[in-house]
Amino acid sequence: MNMDFKYVVDQFADIQVLRYQVPGFEELSLRQKQLLYHLSEAALMGRDILYDQNCRYNLRVRRTLEAIYLHYAGDRTTDDFRAFEVYLKRVWFANGIHHHYAEDKFVPGFSEAFFEEAVRALPVGKLPLAEGETVETLLACLKPVMFDPEVLPKRTVQSGDRDWIAASANNYYGEGVTQAEVEAFYNQKKEADKSDTPISYGLNSRLEKTDGRLEEKVWKVGGLYSEAIERIVAELEKAVPFAENEKQAEIICKLIDYYQTGDLRTFDAYSILWVEDTASQVDFVNGFIETYGDALGLKASWESTVNFRNEEATRRTQTISENAQWFEDHSPVDARFKKKEVKGVSAKVITVTMLGGDCYPSTPIGINLPNADWIRRDHGSKSVTIENIMEAYDKAAQGNGFSEEFVWSDAERALIRQYGFITDVLHTDLHECLGHGSGQLLPGTDPDALKAYASTLEEARADLFGLYYLADAKLVELGLVPDAEAYKAEYYKYMMNGLMTQLVRIEPGKEVEEAHMRNRQLIARWILEQGAGQAVELKQRDGKTYVVINDYEQLRALFGKLLAEVQRIKSEGDYAAGRALVEKYGVKIDINLHKEVLERYEKLHLSPYKGFVNPVMHEERDKDGAIRDIQLDYTENYVEQMLRYSRDYSYLK
Ligand code: ZN
């Protein structure tokens, strides 16, 4: 790999843009590279769909801003212009005018007067004017959308007594459609469906009201978003001849069929074929998949990821799965709570080559699909870890000052540098492949007995299983860790995060809410108390607090002890004990420590949110035009990439 590779590409507002590498791409066959090429093109072609789904004005805003950015003849060094640039970068990052995570509308740092002047100064031909539209009507439309805080304040609203659909700025429902109407419309369909393999009602359409009647406008060829979907289909057709096997060709053809018909039964058939394909090395997601963006969780945003299996890293998860019974038999939990026969989940590790739609620029590090419950029940699911994205996060964090500020000494920093990444991914593997699947309920225990505390305790159980085994000699024997010291890196990071640094994501005065965060604090605080200053302690130096681990073996024994207790709570359905554990250790925050951590973090000027630019894929042709190779280029910057995508992959009106 290129040692000069720059992971950090851009930084603005609360965002850091990174670049990922695609190790192993060169070793793929030309045929696989061509398959990846066409799937990657298809991954970029739905970009406009997501903008329009997020808010109906997003494309016009983006195009107007880009016209200003490209053709503005005035002074580009003024505060207004600089703030304008930041705003445009944020719109690109969020695929619209609302924050990608917090959901609220961006507040422009430049004046309305500046915007108006900049628009008026442009040649009319450069503006995204619709038929019969003038500069006046464009401004009248966009000014309140961008500047009035009362207009479209939040992308997706999912709380409070108001009408969630009416209050959400997104574009999943037509004007005047109410939440009650949507619920009645889909509940009726769901209740009429007696099968135990129901389609995902509403997944691929906008629900509109015409003359008082509700009607689904389906996203398909010949329907809504047809111009973009036709391009996706054409590119998928080009991918078919390069499929690695017949089954994969069938999968791509089924997806094309679905895009052409919009039939959700066909989508299910496609999803089943897709989840059953474990043979192909190249894989992809392309479609209307996740429903987080819709207040009612019905309508899916468009997304795409293209990837190939990392064979070496996947051997790691296979080794873990193959030894699942050994891990179960040797765990520190009571024999009554162990599974007699345990099956590890086979997860694969992948390398992405392209991110698109709702996976770009902000992207997940793991994917578990398909979403339909009955398909998961009857056909299973694919669980993947995106290692080249995790690696980019890890590399970008090196040298950003974080570990210099929060880690106790050079000894721990050296451990983390040497083993931090491998033990981090290994802990995730153990958590996913074994942790959640281990253990059993006693006969007669209600699986829902732990109620609101269930997910925190479940995450704690899986984390503890992974932590306990990270330090086991078995991992060295299986060749999963380089040596018997490696686990210490993850132990230190885990305790520091759980006791201190994860607090940077919580506002002053608030408590810990999210299940994964509660779980990490629960474990770390319980250990701190049980260790009573021996295994672990918080030490002060120069007025700052640090985590110090005095005895790693004792720490491991405590992880084992807590694992046994959390498993007991789950197996017996001991609600009172589970509740006490979470409430005592997982929820409340030491106010002074929180304040200190926030102040120290603030000084580092780090961005809480990160996303990625994609590599550029080039087809290399020889003299007579035949494709000789596909090459990756890592030199494009964030602004260049966004402008190129808007120029070359924009199909919607
Ligand atoms: Zn989990």
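This is a predicted model: local features need pLDDT of at least 70, side-chain atom pairs count only at pLDDT 80 or more; totals for chains, interfaces and linings use all residues.
Visitor: Which residue in the turn between E3 and E4 has a positive phi?
Guide: Strand E3 (residues 205–210) and strand E4 (residues 213–218) are paired in the antiparallel sense over six bridges. The two strands form a hairpin with two residues between them. In that turn, the residue with a positive phi, of about 50°, is aspartate 211.

Visitor: Which strands are the edge strands of the open sheet?
Guide: Five strands make up this open sheet, with mixed pairing and in the order E5-E6-E7-E9-E8. Neighbouring strands in the sheet are turned against each other by 35° on average, direction ignored. An edge strand here pairs on one side only, and that holds for strand E5 (282–288) and E8.

Visitor: What is the bridge partner of valine 306 in E7?
Guide: Strand E6 (residues 302–309) runs antiparallel to E7, and the two are joined by seven bridges. For valine 306, the bridge partner in E7 is methionine 354.

Visitor: Which residue lies over the face of tryptophan 274?
Guide: Tryptophan 274 is one of the buried residues of H11. At 4.0 Å from the centre of the tryptophan 274 ring lies lysine 382.

Visitor: Which charged residue sits over the ring of tryptophan 408?
Guide: What is placed over this ring is the charged end of a side chain, 4.3 Å from the ring centre. The residue is arginine 541.

Visitor: Are the rings of phenylalanine 185 and tyrosine 186 stacked or edge-to-face?
Guide: Aromatic pairs in the model come to a count of 40. In this one the ring centres are 4.9 Å apart and the planes stand at 85°, which is over the 60 degrees that the class requires. Both phenylalanine 185 and tyrosine 186 are buried, and their pair is edge-to-face.

Visitor: How many residues apart are tyrosine 360 and tyrosine 645, and what does their pair link?
Guide: Tyrosine 360 and tyrosine 645 form a tilted aromatic pair, 5.6 Å centre to centre and with 50° between the planes. Tyrosine 360 is buried, at 3% relative accessibility, and tyrosine 645 is buried as well, with a relative accessible area of 1%. Their pair links distant parts of the chain, from the loop between strand E7 (348–357) and strand E8 (366–369) to helix H25, and the two are 285 residues apart.

Visitor: Which helices do the buried residues of H3 pack against?
Guide: Helix H3 (residues 58–71) has 14 residues and reaches 20 Å from its first C-alpha to its last, close to the 20 Å expected. This helix is mostly covered, with 11 of its 14 residues buried, including Leu59, Arg62, Glu66 and Tyr69. The helices that its buried residues pack against are H2 (47–54), H4 (79–94), H5 (112–121), H6 (135–147) and H25 (638–648).

Note on methods:
Residues are numbered from 1 along each chain as its sequence is written. Side-chain values use heavy atoms; hydrogens and water are left out. Helices (H or I, at least four residues) and strands (E, at least two) are DSSP runs, numbered from the N terminus. The expected span of a helix is 1.5 Å times one less than its number of residues. Buried means under 20% relative accessible area, exposed over 50%, partly exposed in between (1.4 Å probe, protein chains only). Contact means heavy atoms within 4.5 Å. Rings of Phe, Tyr and Trp (its six-membered ring) pair if their centres lie within 6.5 Å; planes under 30 degrees apart count as stacked, over 60 as edge-to-face and the rest as tilted. A charge sits over a ring if NZ of Lys or CZ of Arg is within 6 Å of the ring centre and within 35 degrees of the ring normal. Two strands pair if DSSP finds at least two bridges between them. Axes are lines fitted to C-alpha atoms, for helices over the stretch in contact, and angles run from 0 to 180 degrees between N-to-C directions.
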